[in-house]
Amino acid sequence: MEEPVRKVLTLLAFCFVCILPTTQLSAGGVSDQKSDSTHIAVFVPGIVSGSPVYEMLTDGVRRAVDEAKNSGSSVELTIVEAGTRQADWGTRMTSLVAQGTYSLIITSNPAMPELIDPIAHQFPRQKFLVFDAWHSGNPAITTFRYNQREQAYLSGYIAALVSTSDMKHANVQKKIGLVAAQEYPAMNSIILPAYREGARAAVPDCEVDFRVVGNWYDATKGAELARAMYNAGVDVIMPIAGGANQGVITAARDAGFYIAWFDDNGFQKAPGLVVSSSLMAQERLAYEKTRAFLQGTLKTGEPVTLGIRDGYVSFVDDDPLYRETVPEAIRAAMKSLLISIEDGTLSLPVR
Ligand code: RBF
């Protein structure tokens, strides 16, 4: 081969090798280049503080990453708070994926799969792990959701029993409430109907007053709604409104009504006023699945629903504040209800 031709070919080959990783990066979103470190990102669609689901999510992932680091693995964790402007989430997620840095992006809420799906098609090598969500048909998106029919049924059941009890703040009306930040399919077709279903199983003519804040942060609006509900005869409210929950708590303290807390243990939020905590084990699930990913054992692709019998939905009955606040007869009724779900006598599947 002529010397100049050989030089040009060598140069071309060199350029090809240089370009290759960059091309893969933009096409696939994840670099093929093996680095010694695994990077995980948590994309929080909202604000962590004040939202039990996101507090548990970040705590669980952090626990798994810290544990891996302590046993000598090189793992890096980046937490991105995408904020409350939902219209920005798609762009924020796309730029996170396009960095090509993260071998796994973890997020949580039922709206995320739909937002991620087109991005996942654009960057087919990016892996996503989404909690509190359900999606099938894209092996790059692995989802886990909780049986929120069970979770909300338990809340409605105890709220109705408290509302019709002789407890200090219970009035004569058989009326309980739910303050939601916004309407979304899991709220409208699972949580609210199951809250009502549970309430009516306990007290057949119990009414549910449902009101919507309009965002996940406005505590003033949360308090206003809660006061209006109280004035309309509601004596137990379940808040599912992120930062706006704080407003419902403030109103409960001022006016004197009860709270049925959702997602994590809320008894300390307003001792004597919180009558229940219906849990999703998001911290543990986030920990377990992040650890499985780091160990290369995460089963991906198929959506999974986890409930009481799996141990990922539960009802706090061992908190001293529960025993102090809620009369024995109601606690006994809740115990029987839990047993009937655990032993399969009462089946509350989500569809
Ligand atoms: N829950 C929160 O606690 N904080 C939030 O900021 C929050 N944002 C959400 C945004 C969307 C679009 C959707 C669909 C749900 C959101 N949730 C949020 C609700 C959460 O996923 C879950 O349904 C509730 O916490 C009840 O378990």
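Guide: What follows is a conversation about the terms used for this predicted model.

Visitor: How many helices and strands does the chain have, and what share of its residues is buried?

Guide: The chain has eleven helices and twelve strands, and of its 351 residues 52% are buried, where buried stands for a relative accessible area under 20%.

Visitor: What makes strand 2 and strand 11 the edges of the sheet?

Guide: Six strands form this open sheet, with parallel pairing, in the order 2-1-3-4-5-11. Strand 2 (75–81) and strand 11 (304–306) each have a single partner strand, so one side of each is left without a neighbour in the sheet. From one strand to the next, the twist averages 20°.

Visitor: How do you know that strand 4 and strand 5 pair?

Guide: Two strands count as paired if at least two bridges are found between them, and strand 4 (residues 128–131) and strand 5 (residues 141–146) share four bridges, in the parallel sense. Along this pair, Leu 129 stands opposite Thr 142 of strand 5.

Visitor: Which helix packs on the sheet, and how does its direction stand to strand 1?

Guide: Helix 3 (residues 89–98) packs there, touching strand 1 (38–44), strand 2, strand 3 (104–108) and strand 4, and its direction makes about 175° with that of strand 1.

Visitor: Why are helix 5 and helix 6 called oblique to each other?

Guide: Helix 5 (residues 148–163) and helix 6 (residues 185–202) pack at an angle of about 40°, their axes being 6 Å apart. Roughly parallel is kept for angles under 35 degrees and roughly perpendicular for 65 to 115, and helix 5 and helix 6 are therefore oblique. The crossing of helix 5 over helix 6 is right-handed.

Visitor: What kinds of residue make the contact of helix 5 with helix 6?

Guide: The contact includes Ala 152 and Tyr 153 of helix 5 and Ile 190 and Ile 191 of helix 6, and its residues divide into 13 nonpolar, four polar and two charged.

Visitor: How do the axes of helix 2 and helix 9 lie, and what classes of residue meet there?

Guide: The axes of helix 2 (residues 52–70) and helix 9 (residues 282–294) come within 7 Å and cross at roughly 35°, in a right-handed crossing. By class, this contact has ten nonpolar, three polar and six charged residues, with Asp 59 of helix 2 and Arg 284 of helix 9 among them.

Notes: Residues numbered from 1 in each chain as written. Predicted model: local features only at pLDDT ≥ 70, side-chain atom pairs only at ≥ 80, totals over all residues. Heavy atoms only, no water. Helix = DSSP H or I, 4+ residues; strand = E, 2+ residues; numbered from the N terminus. Axes fitted to C-alpha atoms, helices over the stretch in contact; angles between N-to-C directions. Contact = heavy atoms within 4.5 Å. Parallel < 35°, antiparallel > 145°, perpendicular 65-115°, else oblique. Left-handed = near helix turned anticlockwise from the far one by under 90°. Nonpolar A, V, L, I, M, F, W, Y, C, P; charged D, E, K, R; others polar. Buried < 20%, exposed > 50% of the residue type's maximum accessible area, 1.4 Å probe, protein only.
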